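The exercises below concern one chain of a model and the side it turns to its partner. Work through each task before reading its solution.

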Amino acid sequence: MIPDGFDYHEPETTAEAIELLEEHGDAETELLAGGHSLLPAMKSGLSSPDVLIDIGGIEELTGVTADGGTLTIGAMTSYSDVLDAEAAREHAPALTAAVEQVGDRQVRNRGTVGGNVAHADPASDLPGAVLVSDATMVVQGPDGERDVPAEEFYLGMYATDIGPDELLTRVEVPSAAGAVGTYVKRASPSSGYAMVGVAALLSVEDGAAETVRVGASGVMDRGVRLEGVEDALAGGSVDEETIEAAAARAGEGLDTALMMDDLRASGEFRAQLLEVYTERALAEANADLAAPAAD
Amino acid sequence: MTDHEITLTVNGTDHELSVEPRTLLVHALRDELGYTGTNVGCETTTCGACTVHMDGEAVKSCTVLAVQADGERIETVEGLESGDDYHPIQEGFREEHGLQCGYCTPGMMMTATDLLRENPDPSREEIREGLEGNLCRCTGYQNIVNAVENAAAELDEPVADGGEVRWPGGEGE
Ligand SMILES: Cc1cc2nc3c(=O)[nH]c(=O)nc-3n(C[C@H](O)[C@H](O)[C@H](O)COP(=O)(O)OP(=O)(O)OC[C@H]3O[C@@H](n4cnc5c(N)ncnc54)[C@H](O)[C@@H]3O)c2cc1C
Ligand code: FES
Ligand code: FES
């Protein structure tokens, strides 16, 4: 349970980190963020990089700021720092609700939003929530910065659009202030990761649904928007009946044969869970709209 | 794979040491510096026996590289008592029989103090959620929750001798 040896670098700026990525392009090189996916993999021998570039000391990558209708979360911001940020709760309620459900207290103190997103584990809690939040991933490389919409960012299991000499610097979320965000998950009893996790963003204006965005983690090889559910509710009334009818469309457009299927749950079981958890996420959101939670 | 010179401030004492980059914080604390109160259980980030505070937050020290902790303030279970006085969380575990073999206890107490610093009056449900990352294989969680409740009540009382509530690292909040 001790990792293989590696060379360790501690850049102080993003530019320095990118230089190191270029310089060590021929070696197996990994960025180290909170280390809560990478270090377990290295300890168990699943991963043995030659070079680790620790981005934990790069101050410009940390912090939560709200500015001009956009909430920005630095890639190195820990889950617990997101939860401490009032602005995150206000402007990105669905993402914050998902962050709240990650791992345990100690994991949330170390793990980072950027690490989660970059790792692209389909069973993690954030992929569905970043889609629901309409997030943009800002990636920086030798040629500068580029914006990647969440929809195009995830390419599959553990695969993203981040290039070999690029790093994710921040996640930007358009403010959803006024909408209610929820995340409910069926956690694996052993690992705590999501067998199915559903994020929802909901607002109602004059009795009709205004914002309806619903997405899931854990079901496919990447996060998915549940468009059938959204279409069912859009512009109509939101109550127990309409929520139930909408949730019944959760699997629409998703190929059951391609659903995640492993020791934790079969694809068929996930499809069932998806409906139930979609209903719960929406019901919880609707209840919060009616009576804003004290916390 | 050159060694790195790092500084760890453990329970208020500065230590300079030379470590391989792959050295885990828990091993630096136990094997290099002799802070053996921190236990190693699962080694897979699951059990929480290795929990210490790093820069004031509970972390599983089997999943932090010692080089990542360079320059940080670390608190271990040894830092809880002051002089002959047990910390209220230690008293709580003693009063409520919160331990049997004691293997999980250092980690339980470090996570519990992190929780209580943020939420001084947690419900039983909040205590259970707060300790989600700590496993106990023998006492049973009932008494552990009682122990944390007991400590919360004690920390809530004005300190009798006019002193300040003690937190690992000596900060009050
Ligand atoms: C016990 C335990 C329980 C957990 N439970 C859950 C859970 O319930 N839900 C959940 O979602 N997650 C869970 N996790 C995983 C946790 O959320 C990780 O923190 C997260 O997946 C990775 O973030 P990190 O900061 O730790 O990244 P690291 O482990 O440091 O990095 C992960 C990968 O991403 C790359 N990377 C990191 N940052 C960047 C960046 N800025 N740009 C480009 N690449 C980057 C690294 O090179 C590495 O390949 C759990 C982990 C543990 C140990
Ligand atoms: S030894 Fe670190 S979590 Fe079990
Ligand atoms: S007291 Fe024995 S494991 Fe908890």
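Contact here means heavy atoms within 4.5 Å. The model is predicted.

**Exercise 1.** Determine what share of the contacts in chain B with a separation of 6 or more comes from residues 24 or more positions apart, and describe the fold around them.

Solution. Begin with the order of elements, which from the N terminus of chain B runs β-β-α-β-β-β-α-α-α-α, giving five helices and five strands. Counting contacts at a separation of 6 or more, one finds that 58% of those in chain B join residues 24 or more positions apart.

**Exercise 2.** Decide whether the radius of gyration of chain B agrees or disagrees with that of a compact globule.

Solution. For 173 residues a compact globule would have a radius near 16 Å, and because chain B has 16 Å, the two agree. The C-alpha trace spans about 50 × 35 × 25 Å along its principal axes, and 51% of the residues of chain B count as buried.

**Exercise 3.** Characterise the interface between chain B and chain A by extent, polar pairs and composition.

Solution. First, 31 residues of chain B are in contact with 29 residues of chain A. Next, the area buried between them is about 2500 Å², with carbon and sulfur atoms giving 53%; B:Met1, B:Arg22 and B:Gln68 supply 24% of what chain B buries there, more than any other three residues. Then come three salt bridges, including one between the side chains of A:Arg105 and B:Glu118 at 3.3 Å, N to O, and 12 residue pairs in polar contact. Finally, the residues of chain B that touch chain A divide into 11 nonpolar, 13 polar and seven charged.

How values were computed
Residues numbered from 1 in each chain as written. Chains lettered and ligands numbered in written order. Predicted model: local features only at pLDDT ≥ 70, side-chain atom pairs only at ≥ 80, totals over all residues. Heavy atoms only, no water. Buried area = accessible area lost by both parts, 1.4 Å probe. Salt bridge = Lys/Arg side-chain N within 4 Å of Asp/Glu carboxyl O. Polar contact = N/O pair within 3.5 Å; in protein donor to acceptor, adjacent residues only side chain to side chain. Nonpolar A, V, L, I, M, F, W, Y, C, P; charged D, E, K, R; others polar. Helix = DSSP H or I, 4+ residues; strand = E, 2+ residues; numbered from the N terminus. Rg over C-alpha atoms; globule rule 2.2 N^0.38 Å. Buried < 20%, exposed > 50% of the residue type's maximum accessible area, 1.4 Å probe, protein only.
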